[in-house]
Number of protein chains: 2
Amino acid sequence: MKTFKSIKSLRKYILSLKKEGDSIGFVPTMGFLHAGHIELIKKCVSENDISVVSIYVNPKQFGEGEDFSDYPRDINRDMEILENERVDILFYPENSEMYPEKQLALVDVRGLSDVLCGKRRPGHFMGVATVVLKLFNIVNPDMAYFGQKDAQQLVIIKKMVKDLNVSVRIKSIPIIRDDNGLALSSRNSYLSNNEKIIATQLSKALFKAKSMIENDNILDPLKIIDFIQERLKKTGGINIDYVEIRRLTDLSESGIIDRKDCIVAVAIYIGKVRLIDNFILGEI
Amino acid sequence: MKTFKSIKSLRKYILSLKKEGDSIGFVPTMGFLHAGHIELIKKCVSENDISVVSIYVNPKQFGEGEDFSDYPRDINRDMEILENERVDILFYPENSEMYPEKQLALVDVRGLSDVLCGKRRPGHFMGVATVVLKLFNIVNPDMAYFGQKDAQQLVIIKKMVKDLNVSVRIKSIPIIRDDNGLALSSRNSYLSNNEKIIATQLSKALFKAKSMIENDNILDPLKIIDFIQERLKKTGGINIDYVEIRRLTDLSESGIIDRKDCIVAVAIYIGKVRLIDNFILGEI
């Protein structure tokens, strides 16, 4: 695996590969890789001539008081994983390389960025869209891979790519869970063992809600939301940020659940740790 | 010259040229070409293997009550000019091709977009930055050419390219003027003969101000601004929008004129017609 910290030399190398006709696949990450990332990476490696992974904890997508400085990092372990997965290129830039001067140009995907997680985290998705577009422009990939756990991010990136005519195909993979159903996240490392047990209630509530929609044909979003909220409230130690049901295509609300275009999304706090989870009905 | 209305077929054609190693130069325009555009086009043709010109009157950069529907258009004359200049490719899309669905992703170059012309035209530069980024992503040029008459636009595009790591080099050409000194603009076609005579006072005031800075060493911006304002006020039929002196690099204001980093910019109304002009000291 080749590791680049410089945009210029990465660009030069990728250009030389493209000239030989190689297709480029790209997985942008913030590192501290888990089995969810590895699924993305495996798909990327298998579908492209050259696979590029970036590890960059982007300060611009963390708000004030959020966990930027505490965000878990382990570059040596990450590099070992990437070598094992036969990734070709790691892009691992410093902040001074990504933001050499005050970043004035920002990408705002309006309407999609201020709901769900965007409500609690103002500016977060602008930071995400901006850095992802920067990374796309640096890596120039044919395909890029994102996890469905960050479903809102995925919807926003797909819309950005479409609206700004970026020539990259976005692919996604379903949420990867541990044996207890907890959606994998780098932030799970913040949780104590006891908190991890509490956290399993989140996916349990979602699985049950999914069955209510799919098997029991309950299509009133309020009934499903109520069920999830009650279930989570009964569990000690969980503070609910939101439980929402929206259309997958444009994140708009609907009076009735469309089982071919729907996301049920939840964000909770356990102590100071914010966790998100969701399920999707339909194509993303 | 090949004319494309479809993004997909343009992309395919340009990709085939790039594979053969051709360099791509690009001049984005709103059409109704004048000698200023032609200078840009000549430079583009001479410096690149393949030259692409786009003609697209972008509705998203016109505000309410502005002249979108009246904006002058003459595609047949424009195409003749492009053929004469041996342009290789014309991109001439419909609105439905550029904005097939509601555009949610917008590029905002903060701090540079809400001063000077941006103050009078809220959202204008967001519309400009967004459509230029779209066009860059569609055409994928090595070089792109812009006129210094729209100096603020030039500063914003350059910053966007840097901040978003777009791999295109931006080149500019100085303002082209008619025999009376009036800066060429498609909007000059709105002026009556009498208004054109009035309009020449704008460049005359700017030329004199330039001499005051360069030859008389007057570096107090207020003195220069005062001079220009007085001179324009004396001319009947001119309403001043703004007269401002700013640093060229970041459009910030300065207590003293830096003769290596300065733009003196003016916007006026003659009747309903808005005209802009400027001079630049330093590199852009």
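Trainee: Which residues on the other side of H2(B) are exposed, and what makes them count as exposed?

Mentor: Ala35(B) and Ser46(B) are exposed there. A residue gets that label if 12 or fewer other C-beta atoms lie within 10 Å of its own. This is a predicted model, and the label is computed from its atoms.

Trainee: Which residues of H2(B) are buried, and how do you know that they line one face?

Mentor: Gly36(B), His37(B), Leu40(B), Ile41(B) and Cys44(B) are buried. Seen down the axis of H2(B), these residues fall within an arc of 135 degrees, so they line one face of the helix. An α-helix has 3.6 residues a turn, so residues three or four places apart point the same way. The cover over the buried residues of H2(B) includes strands E2 (24-29), E3 (50-55), E6 (143-147) and E7 (169-173) of chain B.

Trainee: What puts the buried residues of H9(B) on the same side?

Mentor: The buried residues are Pro221(B), Ile224(B), Ile228(B) and Leu232(B). They cover an arc of only 75 degrees around the axis, which puts them on the same side of H9(B). On the other side, Leu222(B), Asp226(B), Glu230(B), Lys233(B) and Lys234(B) are exposed. The buried residues of H9(B) pack against helix H8 (193-214), strand E8 (239-246) and strand E9 (261-270) of chain B.

Trainee: Why are the two copies said to be related as by a two-fold rotation axis?

Mentor: A rotation of 180 degrees with 0.0 Å of shift along its axis superposes chain A on chain B, at an RMSD of 0.0 Å. The copies are thus related as by a two-fold rotation axis. In chain A, the C-alpha nearest the axis belongs to Val107(A), 2.4 Å from it.

Trainee: How do you know that the copies meet through the same surface?

Mentor: 100% of the interface residues of chain A are also interface residues in chain B, so the surface is the same. In the interface, 23 residues of chain A are in contact with 23 residues of chain B. The largest share of the side of chain A that touches chain B, five residues, comes from E5(A). By class, that side has 12 nonpolar, five polar and six charged residues.

Trainee: What makes E5(A) and E5(B) paired strands?

Mentor: Pairing needs at least two bridges. Five bridges join E5(A) to E5(B), residues 105-109, and the strands run antiparallel. One of the bridge pairs is Val109(A) with Ala105(B).

Conventions
Residues numbered from 1 in each chain as written. Chains lettered and ligands numbered in written order. Predicted model: local features only at pLDDT ≥ 70, side-chain atom pairs only at ≥ 80, totals over all residues. Contact = placed C-beta atoms within 7 Å. Helix = DSSP H or I, 4+ residues; strand = E, 2+ residues; numbered from the N terminus. Nonpolar A, V, L, I, M, F, W, Y, C, P; charged D, E, K, R; others polar. Buried ≥ 20, exposed ≤ 12 C-beta atoms within 10 Å, placed from the backbone. Arc of directions from axis to C-beta. Least-squares fit on C-alpha atoms with pLDDT ≥ 70 in both.
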